[in-house]
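Okay, thanks for making time, everyone. I'd like to walk through a few spots in this one, so let me put it up on the screen.

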Amino acid sequence: MTAERGGSTATEVEQAIRAAEELMDREGLRGGAEVAEPVGPEATCAAVERLGRLFVELPGQMRYGLRRQRDNGGDLSTDPLQGLSEIVQNANDLGAHQVRIFVRDTELLVAHDGRPVRLTDVMALAMPSLTSKDDDPDATGRFGIGLMTLRRLSPVLEIFCGFYRVRIGDPDVSLADPFPVPSWFADDGWTVLRIPLATPADVQGQDVDDWLAAWGDEALLFLDHVRTVEHQREGGDVYSRLALEWGEPDAYEAVIGGRDTVIDVRTARSPGGMTWQVSRATVPSPPDVPRIRKAAGESTGLAVAIPLREGAGDEVAGQVHVGLPVTELGLPLRVGAQFDPNPSRQHLNDTPWNQALLPLLADLWAAVMVRQLRLDPTAAWRCLPLPHNVRSPKGPVRDLEQRFLTLARARVSYELRLRTPLHGDLGLADLAVGDEALLPALSEAEIAQGAGRTAVLPPAARDAEGRWQEVLEDWAEHDCAAPGTITVPMAVDALLGDASRSPEATVALASVAIAEGETQRLRWHKWLVDLSGARHRVPWFGAAEFFTDKAQGLAKVLGLSHVLHPAFVAETGEAARVRAWLSEQQVFVTGADPVPAIRQLAARGARKDIAPLVLDDDQLVALREGFLRVPAKERQRLGKDVGRAVLLHGRRFGPGGRREDVQVRPADAYLPAGLDSVDREDSFETAAGTATGLTWLRPRYTQVLPGAGTGLGARAFFHLLGTEKGPRLRPHPGVEHRFTASSPSEGLPARGPGGPAERSQDLRNKSATYTLEDCDSPDLMAVVHDIAAEKSGPVRRRRAAALLRVLVRNWGALSEHHKVRVVRDYHTWNPCGETDGFWLWQLKTTAWLDNQDGAPAAPSGLRERTTSTVAVYGADSAGFLHSDLQQAVGRRGEVLVALGVTGEPGVADLLEALRRLRARQTGSPRPSGGAAPLPSARRATDRPPGQGRRTGDRHCRACLRAGPRIDSHVTGLAPAGRLLPRPPGLRPVGRLRAVVQGQ
């Protein structure tokens, strides 16, 4: 504020003028404090006026240069209110505790209660390149060049303090007009700076509020003196305020720069609740490292502030301070030192001095981290760097961030000690950590035991954001000190199968494994606990056992299920997750519904690697009743697999025809005559006789499974389970893999083991080498060979007739494999037509059907006995099928056709018979190529419709004209009434006069 005039003597005025002249003559302002201060108002004004005249008297170029320097000061910073920070910085250097800001109309006022203005300060303000703080190593502000940033707001700056009233910049130095400072704004002895504004829009109150909010209370953390910065309104009320409340001091020692150093610690709390821990240390200045335009004292100060607790809405931004914040830091903490900033105070210069301070500041930071991790680690983790926190592109700040990262790994990780409840302070090497997901499932002792460490890293030492885990992972990756870790897979392998752990603990760990996707490991251990306390592995779907919540229904009757321990069926989230997963694996069922048990049983049968379940009669009845509950569309799909999963009582014949009682899977058995739907003489059991290799269910199951009213009688139920009434076909096991890209990729070779020669010859005739999707039938051939070996003709024919009727009844299924494709294997399967299936070739080339003489013959060499065949071949031909067998087939002749038994003769057969007769009449031998005309005769009949008749007729006439006539005395022709009927399309031939001898 402005003092009253009066009180200066002429001598004092003269001395003040000489002091101004002396200042102007000096080089720099070092030792400026030795210049005598003006005494009284007249002396002070005289000194200021003399300085003004001395500036006017400077050579023109020098005055121009000074003005340009002042003008350029407004361009030093991108922050339009940077000048305010310079005022606060200078106020702190002057020992001020309070700084006040007031905006009205066209002026901006700033006041502080620091040391009063001196003449050297006026000189520094007038000449931007000068500073009165060169010889003050602790000062961080700059009177001249710093305050010139105010020229961004106004070309003029006025200073009022005591008797000083100075105007800078109009044009250089002059007396300011007296200014009445509001009494509520500044007290006596305060310094007031007035910045005239061209218009009210240049700076408004909201601009100041926004600027203070961007700074935040934490901007004051490293100021030695300033405690409050206020933006006031008219009358002294406060718009916004920066302030810190400081706690009691504390101290400890740590090594900084290789020396034991005392570190002073205090907490600072903002009005919003944000709390910081501020650690300061004074260390010897780096030796032989000069500062730029600044004195370097014997010692220098360092400071680190870390956030302990955030207030409402607070976001911690990292900053490097030189008194006030200068530039950003990659970690959410504040560091301060006597760095040399660039003129804009927005970056640090890359100077030897700044580089020399970095390791010292990093040491202080490391000491702070080690201490804070022991006292309150949750607040420390965020201040420990990860690689992505090295953000600055270059310069001292990037080097500092990199030093923090290096020291965290190399020093902090080894020196930190965390407090544990039972073992005191422990380093990382003695601690264990478990995956976060394991905390609800494992005790601390189990985690430590699993990792082989003394104790677990205390949960209280972990921050909620999980930064602790990221830091420890980074340290472990760089071979630093790190705790032992136990992951979910490790815990599952080490503890899930531990029988000493309670079922509840087992459920909790299994739930974690499921939630974390480690379900494969659940199959490696015995952890499913049943009511008895026994432990089981998780079975695969279709295994020998599954689990349920209570013993009931079909699962109980069959003895397939284990009832889980109550811990597994409890109404908890962990147990529910375990049950849901077991249900997904189809090894856990609930309720009495039999369908899940039947599906499980079917899956068991489909696997073929688990011993089938032996069923007693009650269990068989329960299984049949359960199938009644299975949806109709699903029954057929499940039936045969269930038939492979159970064992029933059966019988078979061993060597020598000895009957044996055995256990058999229904899917491998045959229905005995008592369970078949046909007469016993027509059953497959009758045909099989005592053939070995076939197993039959016991007939008594008709009484065990009465069918009346059930909808699923014994015969239908066993058929559902895969029990057959006729021979089974199977894919031939002798196939060879040939072409991966072909479908199918396997084929049965022409010279397959046990294959008939006729089959091989047929494939050669077709230039084929393989058949595709071919089948054989060991059971059928066992029956056929046993029939062929039967000594008694009537018994043999009775069994053969039964087998023919079985084939007739089952021909619908067998005929699907009657014909197979034949191919040549050249680069791929090349089609060559089709042939009979392997099983059919065996069946029709084995001698098991009796001829009319009662001798076994191969079906392919027999023919049916009819009027036409007798007329052509004669009544005594041994090639006729026995009448009993022909009668057994009846009108279902497709089986005989498939077996190669020929029926009515055709034109070719007639012509062949005539040739034989002619040969007998002439006494000449049968033409050596007797079979040669046969193809031509057959070709004559194998014509398209409309051509065959004339061609066949013409061909027959030509054949008959050749050679001598056939006279009436020729014997061997049938009586007229039994003559071979004229084939269709063949007109009577004049030269053929079939005369029967004696008529």
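So, cavities to begin with: the structure holds three of 30 Å³ or more. By cavity I mean, on a 1 Å grid over the protein atoms alone, a set of points where a 1.4 Å probe fits but cannot get out, while a pocket is an open set with protein on both sides within 12 Å along at least five of seven lines, and lining residues have an atom within 4 Å of a point. Grid points are joined across faces, edges and corners, and volume is the space filled by probe spheres set on the points.

Before I go on, this is a predicted model, with local features needing pLDDT of at least 70 and side-chain atom pairs counting only at pLDDT 80 or more, while totals for chains, interfaces and linings use all residues. Residues are numbered from 1 along each chain as its sequence is written, and side-chain values use heavy atoms, with hydrogens and water left out.

The second largest cavity has about 70 Å³ of space. It has 13 lining residues, and Gln552, Ala555, Val589, Gly591 and Asp593 come closest to its centre.

Now the second largest pocket, at about 700 Å³. There, 27 residues do the lining, with Lys640, Ala667, Glu724, Arg728 and Leu729 closest to the centre. At least two lining residues each come from α19 (632-645), β31 (730-731), α24 (778-789) and α26 (811-814).

Over to β7, residues 228-232: how many of its five residues are buried? Five of the five, so the strand is largely enclosed by the rest of the structure. Buried is under 20% relative accessible area, exposed is over 50%, and partly exposed is in between, with a 1.4 Å probe and protein chains only. Thr228, Glu230 and Gln232 point one way, Val229 and His231 the other.

What about its neighbours? β1 (98-104) runs parallel to β7, with five bridges, and Arg100 partners Glu230. On β8 (238-243) there are five bridges too, antiparallel this time, and Gln232 stands opposite Val238. Strands pair if DSSP finds at least two bridges between them. In the β7-β8 hairpin, with five residues between the strands, Gly235 takes a positive phi near 100°.

Disulfides, meaning cysteine sulfur pairs within 2.5 Å, come to zero.

Terms used. Helix = DSSP H or I, 4+ residues; strand = E, 2+ residues; numbered from the N terminus.
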